[in-house]
2 protein chains.
Amino acid sequence: MVAAMQSRTPTTPPARTGGRPRSATADAAILEATRQGLVELGWSRLTLGAVATRAGVAKTTLYRRWAGKSELVVDAVAELFDELELPDRGSLAADIEGVVLQFAALLGRPETKTALMAVVAESTTDEPLRERIRQSIVDRQKRLVLAGRERAQQRGELPVEPDPSAAARTADLIFDVIAGAVVHRALVSAEPVDEEWARRFTLLLLGGLAAAAAQT
Amino acid sequence: MVAAMQSRTPTTPPARTGGRPRSATADAAILEATRQGLVELGWSRLTLGAVATRAGVAKTTLYRRWAGKSELVVDAVAELFDELELPDRGSLAADIEGVVLQFAALLGRPETKTALMAVVAESTTDEPLRERIRQSIVDRQKRLVLAGRERAQQRGELPVEPDPSAAARTADLIFDVIAGAVVHRALVSAEPVDEEWARRFTLLLLGGLAAAAAQT
DNA sequence: CAGTTACGCTACGACCCGTAGCGAAAGCCA
DNA sequence: TGGCTTTCGCTACGGGTCGTAGCGTAACTG
């Protein structure tokens, strides 16, 4: 069930046999240029031509690797989500605060701010894109939540649900609550996700988990 | 502190004295055409030219009233949020489920699905737009949460916080949790916000509120 | 009636899109 | 070394959208 950490391959896997290989340097330059462009121009004013110029690459090279702006931007910001980690802080409460602050740190960057909502908006009318987002971004976040949950169960802070279907639904619920609250606070309400907010949110969620556990 | 329900005025208030008045019929036709366009084309492929044609209006008329696509779309979907109501269902739990399902019903529509995330994305680099969204859409949702909270306090289900500053922070927190979770479930996870999910979410939140109240 | 504002229409330069076609570069294999 | 294959940079292009200007007409006020 663990998604293989597949190397990000823009479009079709290069090829089978010989020929000039794709420049990995160009790949990195393009993704970096995309992030810079997002910072300086924002999603809507970002153009593929500008990315190509800034990356020192021909525009055609971009179109050979990515289907469009959405796909490129997803890959560009997905790299930032690779750094997500969740050190064991000893308690469920501390781990939740850790997750919240990790998400908040990423959503605080201007690149991700403007890009995430935009590609999600596009994905509502583009199913393959939605799947790409899920694999590249959402699942990377979800891992943190699942890790924290498992740790809490090992500590005895959370009950182990025997029914795998119910357990999955619970995990999904918790994930949507955490990620949703942070995103909404940061991007819609546009107010800071600082330590005080994280503490208050954690208190709220923790109480809910305890109550839900007691009811079971 | 209650925002006056100002009539939606696209750009600058028409004028002071005589002259040909703006056609209210055209206004309605444009907003309706915008929603139809969102359904059929989605945000990115929606063009102001297409909206004008569909509304039976000259393109220039659009630009005389709205600064751009974002502003127009905000007004178009904001009308849908006018129908938001929260009937008293007798208990806090039932009211929370009501709020959740109301939000979910709106987010289920294809117009709002593709539009909301897009305009929020734009608003990250456009402060006036963010304010417009807040007034036209977010505050309309927030009213429901505040109403439910007040009802619960009158019923004695929730404590009345004396410090108005702390009370406001709590209300903000609850709002971000509810709206965020629903949005994330509906648009990012792209799974249905049905009654079962609403029930489970309510259980979680209710437990958290009870625990937070006990701690105070 | 004159004055004022909104409207429909046309036309326009500017920009971006996505693709085609070319010659050159960079690998692999005999 | 020479052939084969694939990618690269470059140029050029038709098609579409943008946002605005200019004009004559419509609607409403005093």
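Buried means under 20% relative accessible area, exposed over 50%, and partly exposed in between, with a 1.4 Å probe and protein chains only. This is a predicted model, where local features need pLDDT of at least 70, side-chain atom pairs count only at pLDDT 80 or more, and totals for chains, interfaces and linings use all residues. Residues are numbered from 1 along each chain as its sequence is written, chains are lettered from A in the order in which they are written, and side-chain values use heavy atoms, without hydrogens and water.

Start with chain A. Of its 216 residues, 49% are buried. Chain A holds nine helices and zero strands; helices are DSSP runs of H or I with at least four residues, strands are runs of E with at least two, and both are numbered from the N terminus. Its C-alpha atoms fill a box of roughly 60 × 40 × 30 Å along the principal axes.

Next, select Phe201(A) and Phe201(B). In the largest nonpolar core, with 132 residues, these two touch the most other members. Such a core is a set of buried Ala, Val, Leu, Ile, Met, Phe, Trp, Tyr and Cys residues joined through side-chain atoms within 4.5 Å.

Stay on Phe201(A). Beyond its neighbours within four places in sequence, its contacts include Val100(A), Ile178(A), Leu173(B) and Val177(B). Contact means heavy atoms within 4.5 Å.

Now move to helix 5 of chain B, residues 92-108. Its buried residues include Asp95(B), Gly98(B), Val100(B) and Phe103(B). The buried residues of this helix pack against helix 6 (110-123), helix 7 (127-155), helix 8 (164-188) and helix 9 (195-215) of chain B.

Notes:
The expected span of a helix is 1.5 Å times one less than its number of residues.
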